[in-house]
Amino acid sequence: MTVAFLNLTWTTFADGLALGGVYALMAVGIGLVFGVLRLVNFAYGQLIMAGGFALAFGQQWNLPNWESILFCFGVVVALSVLMDRVVFRPLRTHSPAVMLVATFAIAFLLQSVALVAFGPLGKVAGQFAFLNAPVDIAGVEIKKIAVIAVATAAGCLIVLQLLLTRTSVGLHLRAASTDFRTARLLGVRANRVIAGAVIVSGLFAAVAAIMLSVQTTQITNTFGLQETIYVLAGVVLGGLNRPIPATLGGFSIGFAIGILGGVLPSNQAQYLPSFIFAAVIVVLLVRPNGLFTRGGGAVERV
Amino acid sequence: MLRRLPELLVPAGLVVATALIGLEVSSYLQAYFLDTLVKVAIVVALYVFIGNSGVLSFGHISFVALGAWTAGILTVPQLQKQLVMPGVSHFLLVTNVGNVASLALAAAVGLAAALAVGVPLMRLSGLAAGIATFAVLEITNNVLTYDLTLGPGLNGFSSVPSTTGMWQATIGALICVVIAFLYQRSRFGRMLRATREDPAAAAAAGISVHRQRLLAFALSGGLAGLAGGLYIHLQPLQPSGVYLDLTFITLAMLVVGGSGSLLGAVVGALAVSGLDSFLAAAVNGVDVFGWQLTLPNGTAEIVVGTLMAVVLILRPQGLTGSREFSLPRRRRTVADLEKARVPT
């Protein structure tokens with residue numbers, strides 16, 4: 001059963017949706033922290049890497065799956081909070097470009113730590129590989145992980161949306177990302193809001209790590225790196241300033257990669273990164289504030 | 001201009017001193033000195049744009065890569081060329097040039113590529129510029145890895161004549177330093193620095209931000225291309241050798257030294273390169289005052305990454321404070337000023 005054009009099957013379509021879902025979660029993780037700190041976290045991929053290694057240790061210690069998942073969440077959130085305390089907090093007053101370079105440095109630092117600790121081959125986290133098995137939905141073979149990824153991403157995003165719009169923590173978060181200084185003047189506690197954003201961002205990184213470990217069971221020090229680069233591009237593409245455009249940007253880049261990767265013959269698919277990044281450049285030139293944002297965002301006047 | 005001469009002579013002197021030390025050491029150690037001099041050239045090229053414009057670029061290593069590919073393809077002897085890169089286009093297969101010409105062409109290709117990329121990209125600044133230049137790096141790496149008509153692809157070069165000795169490396173680094181100095185003292189450099197401090201005010205004073213950034217971008221692309229040419233004649237490269245790792249280490253050098261000054265770029269390149277070389281050697285085991293020291297692979301990146309983060313947090317202007325070297329001048333005291341005041 002194929003869609004009319006190209007050789008796009010429903011299976012590929014589902015894979016695209018799944019990858020889009022995982023990227024959307026990562027985009028939210030990056031976007032939330034950007035909202036409150038004006039900081040693009042290049043080291044987000046290393047949080048995912050840490051999650052991957054946590055899963056690998058879970059397997060090595062023969063933990064039951066739910067315990068490995070908990071362990072993964074614990075490790076990633078702890079690292080995320082640590083990063084905030086040690087690196088982000090002293091950098092808060094610096095320009096976004098300086099912070100981007102700093103997180104670039106942290107990314108390389110963590111990657112090298114993993115290389116020293118676990119070697120170039122890394123470790124294996126195969127406990128969720130069984131989710132690669134297909135399941136039959138209305139006559140179409142779809143990988144279990146695709147269904148789970150789409151459902152989880154949708155669930156996480158709905159919960160986040162409720163958190164942001166229905167709770168006082170969410171209200172504070174939104175206030176802080178609109179105008180941090182005014183929000184503080186009105187009694188929003190900066191450290192608490194930032195900690196909230198960092199923890200949620202870490203939770204999403206852990207979810208992404210679990211999802212990605214299904215496909216890539218060999219966890220090396222570059223686990224999550226390429227995905228993060230794509231998501232960063234996607235987030236900027238969608239529009240960094242608001243959570244929903246950022247999420248849409250992340251989703252569309254994941255979806256595009258998933259679909260094109262499945263549809264294109266391999267001699268064209270190898271140029272996929274070029275196409276994606278060329279598209280990113282074009283979008284940045286045409287709409288520097290992002291695809292999914294409306295107006296505004298003029299250069300600050302003197 | 002004369003009073004400003006130390007601004008050129010001190011960085012240039014540091015380069016020459018490095019070269020002179022490099023001539024004295026064993027040939028095993030000399031490789032590290034050559035590598036350091038090429039890194040100086042790359043970092044100064046980065047500085048010409050990033051330092052003067054204040055706009056971040058993750059994309060300069062793509063111009064280094066293009067320069068390296070140009071110089072490499074045009075100098076590999078034809079027989080080996082057929083073996084190493086069987087898919088290469090006919091024109092590149094039959095064209096061979098001399099060593100100096102290959103370096104000049106590398107610089108020209110870097111300049112042309114930066115100009116072409118810069119025309120659209122220089123309209124961006126801040127984060128958008130960071131991501132867009134990063135995209136340029138990704139595209140360059142992707143194409144050089146897979147397009148076998150342009151070069152050897154994933155496997156990288158071999159049989160490139162290794163002509164980058166102490167002479168060429170030093171002269172190359174000096175060319176970069178001198179051009180960077182001349183540029184930053186020129187009216188164009190000053191205009192760009194004005195846009196760095198306050199784009200709106202500079203534009204109001206009649207400076208075209210786009211044009212000045214583009215000029216610096218093209219110039220630094222040319223220098224990066226030259227550095228790439230020197231690099232490929234020093235060691236055979238693969239696409240992964242001119243990608244994220246090199247971007248990281250050269251940005252670290254610029255940031256650690258101080259991205260706002262030529263002195264900072266040179267000091268950063270020398271200091272970080274020295275540290276990096278020592279640690280890289282320590283991975284193979286070195287003798288430190290009688291102690292045998294062997295470090296695990298990856299230590300250099302950990303130390304450099306930590307250093308970069310610490311400098312950014314504690315001293316964002318870098319080791320040199322982003323100041324140029326200037327001779328100490330006698331401070332005028334209040335008493336002097338009192339004396340000089342015209343009685344009314």
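Modeller: In chain A of this predicted model, 75% of the contacts with a separation of 6 or more join residues 24 or more positions apart. Chain A has 12 helices and four strands. Its C-alpha atoms fill a box of roughly 60 × 45 × 35 Å along the principal axes. The radius of gyration of chain A is 19 Å, which agrees with the value near 19 Å for a compact globule, because the chain has 302 residues. Of these 302 residues, 50% count as buried.

Now the single position. A:V36 sits in helix α1, residues 10-37 of chain A. A:V36 counts as buried because 26 C-beta neighbours lie inside 10 Å, and the cut-off is 20 or more. Beyond its neighbours within four places in sequence, A:V36 is in contact with A:L173, A:A176, A:S177, A:F180, A:V193, A:I194 and A:A197. A:N191 is 155 residues away from A:V36 along the chain, yet their C-alpha atoms are separated by 10 Å.

Last, the contact between the chains. Here 35 residues of chain B are in contact with 37 residues of chain A. On the chain B side, the elements that give two or more residues are α7 (126-146), α10 (199-204), α12 (244-257) and α14 (299-314). Helix α7(B) gives the largest share, 12 residues. By class, this side of chain B has 24 nonpolar, eight polar and three charged residues.

Definitions and conventions
Residues are numbered from 1 along each chain as its sequence is written. Chains are lettered from A and ligands numbered from 1 in the order in which they are written. This is a predicted model: local features need pLDDT of at least 70, side-chain atom pairs count only at pLDDT 80 or more; totals for chains, interfaces and linings use all residues. Two residues are in contact if their C-beta atoms, placed from the backbone, lie within 7 Å. Ala, Val, Leu, Ile, Met, Phe, Trp, Tyr, Cys and Pro count as nonpolar, Asp, Glu, Lys and Arg as charged, and the others, Gly among them, as polar. The radius of gyration is taken over C-alpha atoms; the globule rule is 2.2 Å times the number of residues to the power 0.38. A residue is buried if 20 or more other C-beta atoms lie within 10 Å of its own, exposed if 12 or fewer, and partly exposed in between; C-beta atoms are placed from the backbone.
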